[in-house]
Amino acid sequence: MLSIIIPTLNEEKYLPRLLTSIKKQKFSDYEIIVSDADSADYTIRIAAKNGCRFVVDKENKHPSFQRNNGAKIARGKLLLFLDADTVLQKDFLDLTLAEFKRRKLIAD
């Protein structure tokens, strides 16, 4: 399983586009974790509506903390960190994992 971790802080404008692009991928063995820095907008509501797991850190507002918090609850063997304003191209996950395997960066 792949754990996709998205650090967020007030990302309601961008997060839906990223989540849509993830859900359009052919590869489907993943979980999405939104690791939030206590957003004041609808970021967490969007994450919940889209079936994401999420964790909120009310004290630390730096992406490094959000990445680490997401990694702590991840269930996947491989972690992929994406910023909320990212949009994945078609077959991005399949191509990325194939390249990792080709370079022997991950084990099956």
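Predicted model: local features only at pLDDT ≥ 70, side-chain atom pairs only at ≥ 80, totals over all residues.

Tutor: Helices (H or I, at least four residues) and strands (E, at least two) are DSSP runs, numbered from the N terminus. Residues are numbered from 1 along each chain as its sequence is written.

Student: Where is isoleucine 33 found?

Tutor: Isoleucine 33 lies in strand β2, residues 30-36.

Student: Is isoleucine 33 buried or exposed?

Tutor: Isoleucine 33 is buried because its relative accessibility is 0%. Buried means under 20% relative accessible area, exposed over 50%, and partly exposed in between (1.4 Å probe, protein chains only).

Student: And what is isoleucine 33 in contact with?

Tutor: Contact means heavy atoms within 4.5 Å. Leaving aside neighbours within four places in sequence, isoleucine 33 is in contact with Ile4, Ile5, Ile6, Arg53, Gly70, Ile73 and Ala74. The C-alpha atoms of isoleucine 33 and glycine 70 are 6.2 Å apart, although 37 residues separate the two along the chain.

Student: What about glutamate 31, buried or exposed?

Tutor: Glutamate 31 is also placed in β2, and it counts as buried because its relative accessible area is 7%. Not counting residues up to four places away in sequence, glutamate 31 touches several residues, including Met1, Arg53 and Arg75.

Student: Let us move to β1. How many of its residues are buried?

Tutor: Seven of the seven residues of β1 are buried. On one side these are Leu2, Ile4, Ile6 and Thr8, and on the other Ser3, Ile5 and Pro7.

Student: How many bridges join β1 to β2?

Tutor: β1 and β2 run parallel and are joined by seven bridges; two strands pair if DSSP finds at least two bridges between them. Threonine 8 stands opposite aspartate 36 in β2. β1 also pairs with β4 in the parallel sense, over four bridges, and serine 3 has leucine 79 of β4 as its bridge partner.

Student: Now the core. Which residues touch the most other members?

Tutor: In the largest nonpolar core, of 20 residues, they are Leu2, Ile4, Ile6, Leu19, Ile22, Leu82 and Leu93. The largest share of this core, four residues, comes from α1. A nonpolar core is a set of buried Ala, Val, Leu, Ile, Met, Phe, Trp, Tyr and Cys residues joined through side-chain atoms within 4.5 Å.

Conventions
Heavy atoms only, no water.
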